[in-house]
Amino acid sequence: AVVSTQSIMVNYTITSDYKNPKGFRMYFKESREAAKSQSLSGSTEVPLDKQEICTGTFKAYFNADIYDYRHVYFKLEADVEESETFSKRVTLNKKMIDAAEDRVVMKSGCDNKSGICQADLVLAPVEYTISPKGYNDIAIGRTEYILFQINVTNKGEDIAFLSELSFELPRNIIFNRRQPIGDQTEDDVSHIKCITKEGADLINKVICCLSSKLNVSNSEIFGISVITTNIEDLSQKKLDFNFKTYVQEPSEELSTLMGDNERTVSIKVGYPAGIDLNGRPLRERQPYSNDVPVVAARNTKDIGPDVRHELEVQVSDSALEDRFDEVKLLVRWPLMLNEDDTLLYLTQIAIEDPIPGNSRCFGGEYVNYKGLKNEVRERRSAEYQDLPPVNCGDEDNTECAQFRCEIDTLERGTIIKFKFMARLWESSLYNKGNVNVTSYVEVESVKQQDMVFGPEGKSAMKSQFYPSSATRRNYLWIIIGSIIAGIFLLILLIIILWKCGFFKRKAPPPVMAEKVEEEG
C-alpha cells in the first residue's frame with residue numbers, strides 16, 4: 001500500500017482474555033456467519049498531524065458459557081513500519097514507547113509516566129469466629145459455619161487496580177457468601193464480588209474482586225463465611241485456609257513487598273467432647289461496706305464479706321465417651337482490681353470428689369498468699385461511681401490470676417465440685433459504687449485425642465457487689481431524726497395537757513371540828 005509521508009501504517013493483533021485458563025470470556029466475529037475468534041488482526045493508517053494519533057472501535061461479544069465479566073484482559077501486539085514489535089501489556093512502558101519513536105501511545109488509568117502503578121497490598125492477620133458461639137475449633141456435627149474477617153490495605157505509592165483476594169477451599173468446605181461484619185451494612189460491601197472456581201487440580205478456589213481502584217491507605221474490610229456441615233469424619237484433622245491478595249495491570253507489586261500478602265489460618269477438627277461445666281456464685285448480689293479506708297488484716301475475716309464461686313464438672317448425656325482421663329481445667333480468677341489493689345482474695349479451694357486424690361488445683365501462689373498491705377486513705381466524697389466490670393472471661397484482662405485444676409478420671413454419672421472461696425477486699429472499693437466480677441473456667445484438654453470443646457465446656461461465674469454503707473448512714477440519720485421528733489412531740493403534748501389542767505388535782509372537802517367531836 002502507498003502511504004503518504006504524513007502517516008504511517010500500523011499492523012495490529014488484539015487477543016481477548018488471554019489470561020483466563022478456562023477460555024475467553026469475549027470473542028470477535030467479523031460477520032454473523034463467521035466463526036468465533038479470540039483474536040482480531042488488521043492494519044490501520046495513522047496520521048501524524050493529529051494530537052490523538054490512533055483510535056479504533058472493535059465490536060466484541062460476551063461468551064455466555066462463562067459468567068464472570070467483571071474485567072476482561074486484552075493483549076495488543078503491533079508493529080510500526082520497521083520498528084520492533086511491542087506487546088504483553090495493555091499499557092506501554094517507556095522502553096516500548098521509545099521503540100515506537102513516540103508515535104504510538106495507549107492511554108492508561110495509571111498516571112505514572114511508565115504506565116505502571118506500584119502498589120503494596122497488605123493482608124492483615126485473618127481472624128475468625130465459629131458458629132454456634134463458644135467453639136474455637138470445628139466440632140463434627142455441631143459447628144455450622146466459619147466467618148473470616150478480611151482486611152486488605154493498600155500501603156503502596158500508587159493506586160491498586162483490580163485487586164483481588166483468593167483462597168482455596170479445603171475438601172468438604174463450601175463457600176457461603178461475602179457479608180458485612182461489625183457495624184457494616186450490605187451497602188458497604190456490595191461492590192465486592194466473590195465467585196468459586198474449580199482449578200485444574202479439582203480444588204475449588206474462591207476469588208473475591210475488590211475495588212477496581214483501591215487508593216493509597218484505603219482498606220477493604222469484609223467477611224467471608226464458609227459452611228462446615230459437610231465434614232463427617234476425621235479424614236482431615238486440621239484445615240488450612242491460605243489467603244492471598246494481589247493486584248492486576250496496570251498495577252504491579254514488587255516481589256520484595258509481597259511478604260505480607262498471604263495469611264494462613266489453621267483450624268482443628270474433632271468430635272465434641274461433651275464435658276459440662278456448670279458454675280454459679282453462692283450469692284449473685286452481695287452488699288459490701290465502701291467506707292472502710294483502713295485494713296489491718298490479722299485474719300481473712302478482716303478483709304471483707306465471704307465470696308464463693310462453685311463449679312460442677314460432669315460428663316454430658318450426649319458425650320461420645322463414658323470416661324475422660326487427664327482432664328485439665330483453665331481457671332481465670334479476678335484476683336486484682338488493678339496493679340495495686342486486691343479484689344477477690346482467694347482464701348481456699350475446696351474439692352468434692354468421690355475418689356480421694358483424683359482432683360487438684362495448682363493455685364498455691366494465689367491462695368491466701370502473704371504480704372498484705374495496710375493502707376490509710378483520706379476521706380473522700382460520698383458520690384459513688386460504678387466501676388467497670390472485671391471479667392476474667394476476657395483473655396486480655398491482665399488483672400486475673402490464671403492457674404489450672406486437674407481431674408485424673410471423670411466418669412459418666414459422677415459430679416466433681418470445685419469451691420473457690422474468697423473474700424472481697426473492701427478497702428480496694430473505698431468510696432466506690434457497684435462492681436460486677438466474673439471468674440471463668442474452661443476445659444483445656446483431655447487425654448483422649450481429637451476432642452474439641454464447645455460452650456458446654458466453658459463457665460462464667462458472676463457476682464455483683466453493691467455498697468451498703470450509704471444506706472446504713474441514711475438509716476442512722478432517719479433513726480436520730482425520728483427520736484428527736486418523738487421527743488419534741490412528747491414535750492408538746494405535755495405542755496398542751498398542762499395548759500388544759502390535766503395535771504391539777506382537787507383537794508378533799510374540809511371537816512368541821514365540832515361535828516367531829518359530836519360524832520365522837
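Start by selecting Cys361 and Cys405 in this predicted model: they form a disulfide, with the sulfur atoms 1.9 Å apart. The link is right-handed, with 100° about the S-S bond. Cys361 sits in strand 26 (residues 359-361) and Cys405 in strand 28, so the pair ties together parts 44 residues apart in sequence. Cys405 is buried, at 0% relative accessible area.

Next, pick Cys392 and Cys400. Their sulfurs are joined at 2.1 Å, and both residues are buried. Here the torsion about the S-S bond is about -95°, so this disulfide is left-handed.

Now jump to Cys194 and Cys208, another disulfide, S to S 2.0 Å. Cys194 belongs to strand 14 (residues 193-198) and Cys208 to strand 15 (residues 204-209), 14 residues apart. That brings the count to three disulfides. Click on Cys209 too: it is in no disulfide, and the nearest cysteine sulfur, that of Cys208, is 7.7 Å away.

Time for the inside. Select Leu311, Val313, Phe324, Val327, Leu329, Leu344 and Phe418: these have the most contacts inside the largest nonpolar core, which has 42 residues. Strands 21, 23, 24 and 25 are among those that each supply at least two residues of this core. Zoom in on Val327, and beyond its sequence neighbours within four places you'll find contacts including Ile275, Cys405, Ile407 and Val443.

Eight bridges join strand 25 to strand 29, and Tyr345 stands opposite Arg423 in strand 29.

Conventions: Residues numbered from 1 in each chain as written. Predicted model: local features only at pLDDT ≥ 70, side-chain atom pairs only at ≥ 80, totals over all residues. Heavy atoms only, no water. Core = buried A, V, L, I, M, F, W, Y, C linked by side-chain atoms within 4.5 Å. Buried < 20%, exposed > 50% of the residue type's maximum accessible area, 1.4 Å probe, protein only. Helix = DSSP H or I, 4+ residues; strand = E, 2+ residues; numbered from the N terminus. Contact = heavy atoms within 4.5 Å. Pairing = 2+ DSSP bridges. Disulfide = S-S within 2.5 Å.
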